[in-house]
Amino acid sequence: MLTIETGETATTLEPVTAANVTLNNCDREQIQLVGAIQPHGVLLVLEEGSLRILQASENCGDFLNMPWENLVGNNIDVLLGDENGKTLRTELAVKNIHKAMAHVLTLPSLSCYDQALHVFANSINGVVLLELERTDPTFQTASAVLYDLREAMQSFQSSSSLQIFLDRAVAQIRDFSGFERVMAYRFAADGSGEVIAEAKLEELESYLSLHYPASDIPAPARRLFALSPLRHLPDVDYTPVPLLPADTIASVDLSYVNLRSVSVMYTDYLRNMGVKATLVMPLFKAGELWGLISCMQHSSPLYLPFERRIPLEFLSQMVSQLSESREGLDQLEYRKRLDNVHEQLVFKMTKADSLNQALMQEETNLLSGIDASGVALLADANLTLLGKTPSPKEIGNVVEWLARQQEDVFATHTLGVDFSDSLQFSDESRGLLAVRLSRKSKDWLIWFRSELVSEVHWAGDPGKPMEIDETNGEIILKPRASFARWKESVHGQSRPWLACELDYAARLRHSIFGMIVERAWLLAQMNAELERSNLELDAFAYASSHDMKEPLRGIHNYAEFLKMEESGRLSETGRLRLDTILRLTERMADLLDSLLQYSRIGKNKLERHPCAINDLVYPCIKLIKETWPDKNISIEIRGNLPVIDCDRVWISTVFQNLITNAVKYNQQPDVKIEIGCDETCSPPVFYVRDNGIGIGQEHQNSIFELFHRLHGRNEYGGGSGAGLTIVRRVIERHGGQIWLKSELGQGSTFFFTLSPANHVRSIHHGEI
Ligand code: ADP
């Protein structure tokens, strides 16, 4: 077992070599631990600190006129001489060589080596790896290269779309490198890839838009490609040069070594493709490997010395950096359209009463501008749908699944793969872009996108990316021999979501949040305002009704006196008028009493204590029976009424009013009243049911308005029309709600709670 280091993570794995690679382990081949290099340079393994040579590549004799045996065991100064040795030490101290290969020195041609050499260094796991490569005597001046680079950059920058940019980039890289074919290759999320731009010799067959399965560039190879800015294989048919002596130290990690010998699978693969030399550079987007620039030579080997590789590295880095902004250009029009919709929706949100109204009911809505087949808005437990969407039940399941995702903006174009329950969804919902509106409640905004059947051209049969060789009685994997185009129709996917769509979703989420916060703030302000004006109103109503009672009493008394003392002198009409004055003052006194009582509810603090509702209802019943001794009234209390935290006096008033009404508005010979409480609800729901005259649907809201009566002044025993207003206010001050179920001629049931509930709607619909 070996501990290998690949990038930042260390893993312990059984080494895999070309000889024992199988279907299960080909992804684990430890290609960085090969212990060999390519022959276009030499490698020295030095002990960190002392710079004693531990290993050297077998080709030192050819390159340095000094066989490896003479080097191993000695200090590096044996090769470099004191002066260069000193310079090397300084460079190693200042350059970033840890897990990176850096150019540290150029050695002039000396007697021992006939040509000047570039020295590169990398430190890893306690060793320093020195790589030496010949300089290029034909190298043109740096200013000429810079001039060409400037031209290239200018043409990149003036490209108006990602495609034009990539086409120019591969063409420039081909000019600089001299390779017969240069391709830009983009990875998909599953590791497969596609050739998205190509510059080539005319007579070569085009690979443009061909797809390659993930196993063509397996995970270890992708990891290694990402570690260094350039990988060069000048000759596919090279003979690997071993590091010697082979058994002195454990395998050295050559992850960052340019000269590293490559996997046999890779060279076999390239040979099958008819490639003689390659040069590969990684492309990154937001720090992630998203593709490669791949250069190929088909006719002969091709070695690019360091001087000629440098501008290529530079160009590929430019491609990485500029591709994102060029991609943005492609989506510019679409982005502008979405911006416009966003702006309109934000404006609507400032005007509308609800999110639903602002985002779903207007001409410009959540389906405007965006390429989606349907949209669902789940806000405040209400689901609204537009366009083609799954059914509400299916959306409920999607929301359950979404709630388990980490992201607040979540997108997939393979819903059927990611969310197995969605398999039965119609073709209209193969992709989804979801925006979480609240972490507490299950509020989501979800766009759905329909299926896009696409045709993919593979380089060879994607179902058989490898071939199995059993000639020696052992199963050995080999790269496929045929790269003939293989067409495949892809179903069950939508078009992937674009960066600008994700961005639009995230911005909309931000705006909705802002709006919700602003609304909550405004509401809080309005509530405070309302509370203050209610208090003022209560104080005013209280003071005025209280003060008016005094003169009213005076009018009544004087009218009484007049009636008693002067009735003999009054005409019949005068007497009748006096009676009317007396009746009106009595009625006005009643109204003032009601007003006083009503304003007292708002004015005074509630005295909440645990209170057995049974004990409170019995005295009311007694009083009712005393008030109507001649009526046949039966009042049943269903079960035991609970103990509730409430203001005893006010809740007595509630029951008193409701039971009084149940008797008053009742013409049955046998008045039947039922009082009960459903404690299975939270909070418990009280009710008062009668077999009285009932209330038509159209009046069921207005009966709670102050001084509103449905009948003539003296019908049904008269009344001020304030009873139910007072009842509702008391209940609401307790945080509860009141509602009723009634039909004309069918009796009425008044329901109420005495504390706040989150699921009021479900209570409303509940039958007791
Ligand atoms: P009041 O009884 O003083 O008129 P309320 O505010 O208590 O005032 O009731 C308002 C109106 O609602 C009543 O005038 C009556 O028409 C109607 N109402 C109230 N309770 C009942 C009931 N249990 N059955 C039928 N109608 C009712």
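Let me start with T384, which touches N356, M360, V375, A376 and L377, leaving out residues up to four places away in sequence; contact here means heavy atoms within 4.5 Å. T384 is in strand β17, residues 382–387. Strands are DSSP runs of E with at least two residues, helices are runs of H or I with at least four, and both are numbered from the N terminus. The side chain of T384 also makes a polar contact with the side chain of N356, at 3.2 Å. A polar contact is a pair of N or O atoms within 3.5 Å; within protein, one must be able to donate a hydrogen and the other to accept it, and residues adjacent in sequence count only if both atoms are side-chain atoms.

A word on the model. It is predicted, so local features need pLDDT of at least 70 and side-chain atom pairs pLDDT 80 or more, while totals for chains, interfaces and linings use all residues. Residues are numbered from 1 along each chain as its sequence is written, and side-chain values use heavy atoms, without hydrogens and water.

Now the ligand. Of the 20 residues around the ligand, N661, Y665, R709, G721 and L724 come nearest; a residue is near if one of its heavy atoms lies within 4 Å. An N or O atom in the side chain of N661 is 2.8 Å from a ligand oxygen. For D690, a side-chain N or O atom is 2.9 Å from a ligand nitrogen. L710 has a backbone N or O atom 3.4 Å from a ligand oxygen. Helices α16 (648–664) and α17 (723–733) and strand β31 (748–752) each supply at least two residues of the shell.
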